[in-house]
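The following note sets out several points for a colleague who is examining this model.

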Amino acid sequence: MEAKKRKISIIGSTGSIGRQALEVIEKLGDKFEIVALAGGNNVELLKKQAEKFKPKYICSNAASSRAGESWGEGLTILHGTEGLEQICSNKENDIILVACSGKVGLRPTLTAIKNGIDIALANKETLVMAGDIVMSEAKKYGVNIIPVDSEHCAIHQCIKDINQVDKLIITASGGPFLHKSIEDMKNATVEQALAHPRWNMGKKITVDSATLMNKGLEIIEAHHLFGFDYDDIDVVVHPQSIVHSAIEYVDGSVIAQLGLPSMHIPIQYAITYPERFEGIKSKSFSFSEIARLDFEKPDYEKFPTVKLAYETGRTGGTATVCMNAANEEAVFAFLDGKIKLYNIYEITKKMCDEHKVIHNPTIDEIFAVDEQIRGKTKEYIAKFS
Ligand code: MG
């Protein structure tokens, strides 16, 4: 008998994770059936993906695409956030890969959870902004949230009995400024910040990797995903990006997950979990070829963003919403050449210090704080010359 195909939708199919997910799905041949693909504004690529993968639904944000427009037989065009809601409430889906970036991922993810659909989660904002709500809803509806990010995916693979785990150890490549001076980092150009030594990713996350804010966000995500106190989540710098993270059991045993730095592996793990397939694996892992693995303590003087993430995480409520919103606006300003790399932290820290935290916020309050902080951050940035 032919094995049942897993039905999947991808939110953010034209982004970096979405494109790589489609490469995995293509390689896995008849294992998947695509229900819907949602892309932002890249209509051309979305059209190509629709031709190749034949989903039932396409959702786009672009003005050039309209609901009801024909892109091919049997294909329904959806539009905007309403379209995303429609996709995420379609119980035909076995799993939804949330691979878009930004807060746009939050509401559709909650809708999918309420409909009992498992989530492969690549969107950071979902947990950084609303981790408490998302995880309690997932528990309530019995939904699996399988992380795509390499670090959380590694921890997910290491954990056998979560009650016996003492500590999570998240690895950080350290980004392009790991062994540069603070002065070099302060004066870094956009090009230097975007030259990540190990991972090829979108621009926002690459800048976050240069400041190590990415690691800060991952600490907060790990806290929510695995239910660990911040005191029990450590960060270690590991420049080779071979050990993707580790856990320490109560008895002192440490289990780590290793692999070549390719996002195909965690993406495939998340969408095929709990099964494993050969898939897109390009070559076998060789310890002797890698030869050495280095580890060092993160320099919190140079990368104060990590400390800020621990602080806002411990405060909880809307503190992480504020940090995320201020950081993102500052990163955009840096990419636009309006501020220096180091200003990103200073601006984010200032916004966090001034923020009046709401504890146990509703989703609407979360979005309101996000809006308010973005406005305030932009106003503040406008004063920079
Ligand atoms: Mg990561």
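1. A salt bridge is taken here as a side-chain nitrogen of Lys or Arg within 4 Å of a carboxyl oxygen of Asp or Glu. On that criterion, Lys103, Glu328, Glu329, Asp370, Glu371 and Arg374 are linked in a network of salt bridges. A search of the whole structure gives 26 salt bridges. The model is a predicted one, and the remarks below should be read accordingly.

2. Domain organisation. The chain is divided into domain 1 (6-147), domain 2 (150-263 + 285-314) and domain 3 (316-385). The centres of domain 1 and domain 2, taken over C-alpha atoms, are separated by 27 Å.

3. The interface of domain 1 and domain 2. Here 13 residues of domain 1 are in contact with 16 residues of domain 2. The area buried between these two domains is about 1200 Å², and carbon and sulfur atoms give 69% of it. Two salt bridges are counted between domain 1 and domain 2, and three residue pairs are in polar contact across their interface. On the side of domain 1 that touches domain 2, the elements giving two or more residues are α1 (16-27), α5 (125-140) and β7 (145-147). Of these, α5 gives the most, with five residues. By class, this side of domain 1 has seven nonpolar, four polar and two charged residues.

4. Lys124 and its partners. Which residues form salt bridges with Lys124? One is Glu221, whose side chain meets that of Lys124 at 3.3 Å, N to O. Another is Glu218, where the closest N and O atoms are 3.1 Å apart. Glu218 lies in helix α10 and Lys124 in the loop between β6 (118-121) and α5, so this pair ties together parts that are 94 residues apart in sequence. Glu218 is buried, with a relative accessible area of 1%. Lys124 is also buried, with a relative accessible area of 10%.

5. Arg314 forms a salt bridge with Asp231, the closest N and O atoms being 2.7 Å apart. This pair links distant parts of the chain, with Arg314 in helix α13 (residues 304-315) and Asp231 in the loop between α10 and β9 (233-237), 83 residues apart. Arg314 is partly exposed at 48% relative accessible area, whereas Asp231 counts as exposed at 56%. The side chains of Asp294 and Arg292 meet in a further salt bridge, at 2.6 Å from N to O. In that pair, Asp294 is partly exposed at 27% relative accessibility and Arg292 is exposed at 53%.

6. Helix α6. How much of helix α6 (residues 150-158) is buried? Eight of its nine residues are, so the helix is largely enclosed by the rest of the structure. The buried residues are Ser150, Glu151, His152, Cys153, Ala154, Ile155, His156 and Cys158. The elements that cover them include β7, β8 (165-172), α10 (213-226), β10 (243-249), β11 (254-258) and α11 (264-272).

7. Tyr249. This residue lies in strand β10 and counts as buried, at 11% relative accessibility. Not counting residues up to four places away in sequence, Tyr249 touches Cys158, Ile159, Lys160, Asp161, Gln164, Val165, Asp166 and Ile255. The C-alpha atoms of Tyr249 and Phe285 are separated by 25 Å, the two residues being 36 places apart along the chain.

8. Gly40. This glycine is placed in the loop between β2 (32-38) and α2 (43-53). Is Gly40 buried, exposed or partly exposed? Its relative accessible area of 28% makes Gly40 partly exposed. Leaving aside neighbours within four places in sequence, Gly40 is in contact with Thr14, Ser60, Asn61 and Ala62. Gly40 and Ala50 are 10 residues apart in sequence and 14 Å apart in space, C-alpha to C-alpha.

Note on methods: Residues numbered from 1 in each chain as written. Predicted model: local features only at pLDDT ≥ 70, side-chain atom pairs only at ≥ 80, totals over all residues. Heavy atoms only, no water. Domains from an automatic or database assignment. Contact = heavy atoms within 4.5 Å. Buried area = accessible area lost by both parts, 1.4 Å probe. Polar contact = N/O pair within 3.5 Å; in protein donor to acceptor, adjacent residues only side chain to side chain. Helix = DSSP H or I, 4+ residues; strand = E, 2+ residues; numbered from the N terminus. Nonpolar A, V, L, I, M, F, W, Y, C, P; charged D, E, K, R; others polar. Buried < 20%, exposed > 50% of the residue type's maximum accessible area, 1.4 Å probe, protein only.
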